[in-house]
Amino acid sequence: MTGAAETELRWMRAVQQTRSKRTQTTLLDAAEGLFAEKGLDETSVTDIAARAEASVGALYHHFNNKHALYHAVIERIREEMRATNAAALCPTRWEGAGIEEILRGYLTFTILEVGPSPILRLLESPDLRRTPELMDRILEVKAEFNQGLAELLLERRDEIGHPDPEVAVDFVVDLVAALSKWRPDHVIWPRRTNRMSDSDYIDHALSAAMCYLRTRDS
């Protein structure tokens, strides 16, 4: 399994078949990118329609207004997060894999695929924090993933040398999430790790997690 599972992890974006659904998806894609780049307030309906190569009338055919479109963008991300999480946490995917391989798959996916996409920027934006009902729905799905990842790691507690495996796994789940969010270019704080390649950064992050867990090979 080494190397295979991590390369198979992909963001689960649904493919729409009908012409109407494809138009709606194109509008959602355009809005997602613009909301991430400019924010909700600075993005106009005209901007979205132009990027989607659609008419403003077509946009209003599918969505009542810009805020309804924003809600639809976040709700789509939530649904895709849940589908992605289910695929990523499927026990058969990781059959025969150890903790190091699972964490490498997670870090590779979040840093190389999610990090450069508009998704992370949208989920960390002030716009979402101003919409608590949407924020709560996103946080619920993220909490479900954290719980699933912790359970996956604890199923391999025989690899963990830390005296309190439950505490150690909780810390490592938060650690790898924080390290993933720290990597993208849009993070404004100065970083000492900018000179590292993504692969080196993943290796160092993984080493830190494995050392803390006191795994057999760390």
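**Contacts, burial and pockets**

Mentor: Let us begin with Val 141: leaving aside its neighbours within four places in sequence, this residue is in contact with Arg 78, Met 81, Arg 82 and Asn 85. Please keep in mind that this is a predicted model.

Trainee: Which helix is Val 141 found in?

Mentor: Val 141 belongs to helix α9, which covers residues 132-154.

Trainee: And is Val 141 buried or exposed?

Mentor: Val 141 is buried, because its relative accessible area is 0%.

Trainee: How many Å separate the C-alpha atoms of Val 141 and Val 187?

Mentor: The separation is 23 Å, and the two residues are 46 residues apart along the chain.

Trainee: Now to Arg 183. Where does it lie?

Mentor: Arg 183 lies in a loop, between α10 (165-182) and α11 (198-213).

Trainee: Why does Arg 183 count as buried?

Mentor: Its relative accessibility is 11%, and buried means under 20%.

Trainee: What is Arg 183 in contact with?

Mentor: Setting aside neighbours within four places in sequence, its contacts include Ile 111, Arg 191, Asp 198 and Tyr 201.

Trainee: Changing topic, how many disulfides does the count give?

Mentor: The count comes to zero disulfides. As for individual cysteines, Cys 90 is partly exposed because its relative accessibility is 29%. Cys 211 also counts as partly exposed, at 48%.

Trainee: On to the pockets. What volume does the largest pocket have?

Mentor: Its volume is about 610 Å³. The lining of this largest pocket consists of 28 residues, and Met 81, Leu 120, Leu 123, Lys 142 and Lys 181 lie nearest the centre.

Trainee: Which elements give two or more residues to that lining?

Mentor: They are α5 (66-88), α6 (99-114), α7 (118-123), α9 and α10. The largest share, seven residues, is supplied by α9.

Trainee: How do the residues of that lining divide?

Mentor: In the largest pocket, 20 are nonpolar, four are polar and four are charged.

Trainee: What about the second largest pocket, and what is its volume?

Mentor: The second largest pocket has a volume of about 320 Å³. Among its 17 lining residues, Gly 115, Pro 116, Pro 184, Asp 185 and His 186 are the closest to its centre.

Trainee: Which element provides the largest share of this second lining?

Mentor: That is α2, with three residues. By class, the lining of the second largest pocket has six nonpolar, five polar and six charged residues.

Technical notes. Residues are numbered from 1 along each chain as its sequence is written. This is a predicted model: local features need pLDDT of at least 70, side-chain atom pairs count only at pLDDT 80 or more; totals for chains, interfaces and linings use all residues. Side-chain values use heavy atoms; hydrogens and water are left out. A disulfide is a pair of cysteine sulfur atoms within 2.5 Å. Buried means under 20% relative accessible area, exposed over 50%, partly exposed in between (1.4 Å probe, protein chains only). Helices (H or I, at least four residues) and strands (E, at least two) are DSSP runs, numbered from the N terminus. Contact means heavy atoms within 4.5 Å. On a 1 Å grid over the protein atoms alone, a cavity is a set of points where a 1.4 Å probe fits but cannot get out, and a pocket is an open set with protein on both sides within 12 Å along at least five of seven lines; lining residues have an atom within 4 Å of a point. Grid points are joined across faces, edges and corners, and a volume is the space filled by probe spheres set on the points. Ala, Val, Leu, Ile, Met, Phe, Trp, Tyr, Cys and Pro count as nonpolar, Asp, Glu, Lys and Arg as charged, and the others, Gly among them, as polar.
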